[in-house]
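Me: Could you take a close look at one part for me? I'd like to hear about the charged side chains and who they pair with.

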Amino acid sequence: MKALISLIIPCYNEEEQLPETLRVIPTQLPEDFDFELLFVDDGSTDQSWALIQEASAKDSRVRGLRFSRNFGKEAALVAGLEEARGDAVVIMDCDLQLPPRYLPEMLKLWQEGAEIVEGVKESRQKESLASRLSAGLFYRLFAQASGMQLKNASDFKLLDRKVVDVWQQLPEKDPFFRGLAAWVGFRRESFRFHVDERQHGQSKWSFKKLFRLSLDALTGFSAKPLRLIALLGLLLELAFLVTGLVSLIRLASGRALSAFNGVILLQLLIGGLILLALGLHGIYIGRLYESSKDRPRYILSERCGGHSSS
């Protein structure tokens with residue numbers, strides 16, 4: 001009996017890209033395995049869902065989940081992992097920038113015993129210099145905060161069924177897939193791949209969305225930023241003690257103090273740091289508040305394909 005491989009493919013407003021994706025992926029599926037293509041429509045407002053429904057009616061391997069609104073890619077990955085039926089699960093992008101031609105290599109590593117197979121980016125195509133620098137900064141900060149190295153990591157991964165079962169037990173309300181995939185452990189192997197160019201449409205990731213994801217990732221995996229604020233406060237206290245001693249010595253020697261501008265700048269610095277510390281605490285408290293509401297990570301409005309009715 002052939003092993004079943006689930007391909008989880010999140011999509012959001014991809015009506016231009018979906019026909020190409022639906023055409024290309026089946027041509028890259030090795031015949032040694034059975035496959036299911038699980039598309040997760042993240043609240044698209046175009047014809048993406050209609051295309052997924054049409055494909056599922058023509059091909060029994062295609063299934064679809066549709067969110068009631070846009071919940072974000074991380075929620076789409078959670079939904080896919082919870083719904084996947086396969087002995088192994090592969091995460092892909094609808095835009096094919098994570099190329100399906102690497103599937104045979106991933107499956108070979110899995111057959112050789114790897115429980116997590118992860119793609120490492122060899123190149124980033126036409127990504128801007130600003131994007132490369134910001135990505136590099138994030139990975140350095142994340143490594144310092146969490147102790148996990150994610151440089152050039154991607155969502156292009158294969159997870160064995162036992163890893164998926166563990167994932168489903170994790171209670172995070174704001175999961176960061178790449179971080180959790182590294183955190184769970186298991187035997188892992190990696191392969192290097194080249195990111196392909198998007199053929200249709202454009203990326204749905206804005207700077208605001210990327211910044212929010214980065215912030216969630218950093219605060220979701222480490223409390224180090226809070227400890228750094230405390231350390232900074234201690235250093236400032238030491239600086240104040242030194243400044244006070246110097247001032248007393250100057251007064252004792254009869255020299256007048258003319259540090260009005262310095263005092264103002266110091267007050268601004270201290271005020272800014274206080275607000276920064278309060279804001280950082282607010283972010284962590286906000287995460288606790290969101291978790292306390294215990295709302296579902298996503299809401300499904302429709303299904304299609306498999307044993308589901310559209």
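Here is a walk through the salt bridges, starting with a lysine.

Reply: First, the ground rules. This is a predicted model, where local features need pLDDT of at least 70, side-chain atom pairs count only at pLDDT 80 or more, and totals for chains, interfaces and linings use all residues. Residues are numbered from 1 along each chain as its sequence is written, and side-chain values use heavy atoms, with hydrogens and water left out.

Let's begin with K157, which sits in strand 6 (residues 153–160); strands here are DSSP runs of E with at least two residues, helices are runs of H or I with at least four, and both are numbered from the N terminus. K157 is buried, at a relative accessible area of 2%. Buried means under 20% relative accessible area, exposed means over 50%, and partly exposed is in between (1.4 Å probe, protein chains only).

Who does K157 meet in there? Setting aside neighbours within four places in sequence, K157 is in contact (heavy atoms within 4.5 Å) with V89, V90, I91, M106, V117, E118, F177, R178 and A181. With E118 there is also a side-chain to side-chain polar contact at 3.3 Å; that term covers a pair of N or O atoms within 3.5 Å, where within protein one must be able to donate a hydrogen and the other to accept it, and residues adjacent in sequence count only if both atoms are side-chain atoms. E118 and K157 also belong to a salt-bridge network with R188. A salt bridge is a side-chain nitrogen of Lys or Arg within 4 Å of a carboxyl oxygen of Asp or Glu, and by that rule the count is eleven.

Two other bridges sit inside helices. E54 and K58 pair up at 3.1 Å, N to O. They are four residues apart in helix 2 (residues 48–58), so about one helical turn separates them. E54 is partly exposed at 42% relative accessibility, while K58 is exposed at 67%. R161 and D165 form a salt bridge at 3.3 Å, N to O, and they too are four residues apart, about one turn, this time in helix 6 (residues 161–167). D165 is partly exposed, at 33%.

Then there's E302 with R66, whose closest N and O atoms are 2.8 Å apart.
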